Amino acid sequence: MGKSGRKSKVSQRQRRILHGVGDDALPSSAYDIPEDLEVRGRRADGEEEEEDGSGSGDADLVENETSMGALSKFDLYQQSVQSPKGDISYLQKFFLMYVGGRRPLHLQEDFCGTALLCSEWLHSDPRRTAVGLDLDLEALNWCLENNISKFGYDGHSRISLFHGNVLHPHKAHMVKPKVQDRIGAIDLNNPKDSMGTPQSITDANPRVRVCSTMEETSLPSRDVVCAFNYSCCCLHQREDLVKYFKHALSVLSKKGGIFVMDLYGGISSERKLRLQRKFSNFTYIWEQGEFDIISRRTRISLHFHLGKKFTFRHAFSYDWRLWSLTEIKDCLEEAGFQSIHFWIREMPNTEDENLEYDADSDVKYEELSSFGQQDAWNAYVVGVANL
Ligand SMILES: C[S@@+](CC[C@H](N)C(=O)[O-])C[C@H]1O[C@@H](n2cnc3c(N)ncnc32)[C@H](O)[C@@H]1O
């Protein structure tokens, strides 16, 4: 990625798909570059910028920091990695295909990070609600301040963000911005919010209040539960994966619902690899460490290089077990899902200078039961609960 002259047919087709029927918009993934940013990656004169070398140069290195002045690593991540409109198009398509009969209104985004998908979900229909769950309180707080605040009260009333582990979701605590204290008329001797929910302000982050647990909170059953950007790879044990899938199944509507996750793979995923993409004001770098063929573990680091000034090295780091599609299917079935579907697309070859696809092959996800190994592929896995 990122080499001069690689503004390939792939990109043109991706762009065509994005502008096509809504359902075919591209989803997010660490490999995908949202179309608007791809355009911003060009210089004003229409030429592509040259590929960066190792990236850091004489830049200030910022290791494991959240922000540098006004720049936030979460903002850079959302801009370069995520494409929630595309994901939502596919979620709607899957729901209509495998459940149908109603419009999906209630979403749970597990491993939500800054819950950008939840925000976009709320934006797409005023009746929609969203639940986000993540271990990272900093990311949840950033979401409240940056993604949800623009909706005002309406946004806060339709989203519930929980801080906790997907393996113990009932114990996860709701987080709310502290600023709501002023709205909620709180008795500090008996702190409950306007909904009667017990709450406290966390020592770890004085800007957010930690309120009731998920177990104590009344939430609508979900039409869709999702885990995107390969987040299930954060779970390393099979029994944890099955446990997590059981939790996901348990919150789905009795009228039927879907669980959707994504996965990447291919020959290039099982070796060291560095991919980068230049935008007008920063370069996004995906760095894959050694791949252990016994544990199937690899370390992924995301870096953001901002011109000659700063580099957010290891802005995000993940220790992943790269599950196979078969393992995921087996675990979803064991957890109780009735049917499992694979939607796969080939990704640009990481070693191909020209990144050309066959003239007739549109780059979109297709439901498949068999797919020959490629250099790189991306998949949605859909677990259907028709209860
Ligand atoms: C690859 S990021 C994905 C973020 C977001 N879903 C996206 O689409 O970009 C993985 C996220 O999972 C969270 N995470 C990892 N293990 C978790 C766990 N056991 N329970 C809850 N969140 C977890 C991390 O804090 C991180 O925000």
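1. Helix axes here are lines fitted to C-alpha atoms, over the stretch in contact, and angles run from 0 to 180 degrees between N-to-C directions. Helices (H or I, at least four residues) and strands (E, at least two) are DSSP runs, numbered from the N terminus. This is a predicted model: local features need pLDDT of at least 70, side-chain atom pairs count only at pLDDT 80 or more, and totals for chains, interfaces and linings use all residues. Residues are numbered from 1 along each chain as its sequence is written, and side-chain values use heavy atoms, with hydrogens and water left out.

2. Start with helix α4 (residues 84–98) and helix α5 (residues 116–124). They pack at an angle of about 65 degrees, and their axes lie 9 Å apart. That angle makes α4 roughly perpendicular to α5. The cut-offs are these: under 35 degrees is roughly parallel, over 145 roughly antiparallel, 65 to 115 roughly perpendicular, and the rest oblique. The crossing of α4 and α5 is right-handed, meaning that the near helix is turned clockwise from the far one by less than a right angle.

3. Which residues of α4 and α5 make the contact (heavy atoms within 4.5 Å)? From α4 come P84, K85, D87, I88 and L91; from α5 come L116, L117, E120 and W121. By class, 6 are nonpolar, none polar and 3 charged. Here Ala, Val, Leu, Ile, Met, Phe, Trp, Tyr, Cys and Pro count as nonpolar, Asp, Glu, Lys and Arg as charged, and the others, Gly among them, as polar.

4. Now take helix α9 (residues 238–250) and helix α10 (residues 325–335). Their axes come within 8 Å and cross at roughly 50 degrees. The two helices are therefore oblique to each other. Their crossing is right-handed. On the α9 side, R238, L241, V242, F245, K246 and L249 take part; they meet I328, D330, C331, L332, E334 and A335 in α10. This contact has 8 nonpolar, no polar and 4 charged residues.

5. Next, strand β14 (residues 297–306). Is β14 largely enclosed or open? It is largely enclosed by the rest of the structure, because 8 of its 10 residues are buried. Buried means under 20% relative accessible area, exposed over 50%, partly exposed in between (1.4 Å probe, protein chains only).

6. Strand β14 pairs with strand β13 (residues 283–288) in the antiparallel sense, over 6 bridges. Two strands pair if DSSP finds at least two bridges between them. Q288 stands opposite I300 of β14.

7. Strand β15 (residues 310–321) also runs antiparallel to β14, joined by 9 bridges. T298 has W320 in β15 as its bridge partner. The hairpin of β14 and β15 has 3 residues between the strands, and G307 there takes a positive phi near 50 degrees.

Definitions and conventions:
Contact = heavy atoms within 4.5 Å.
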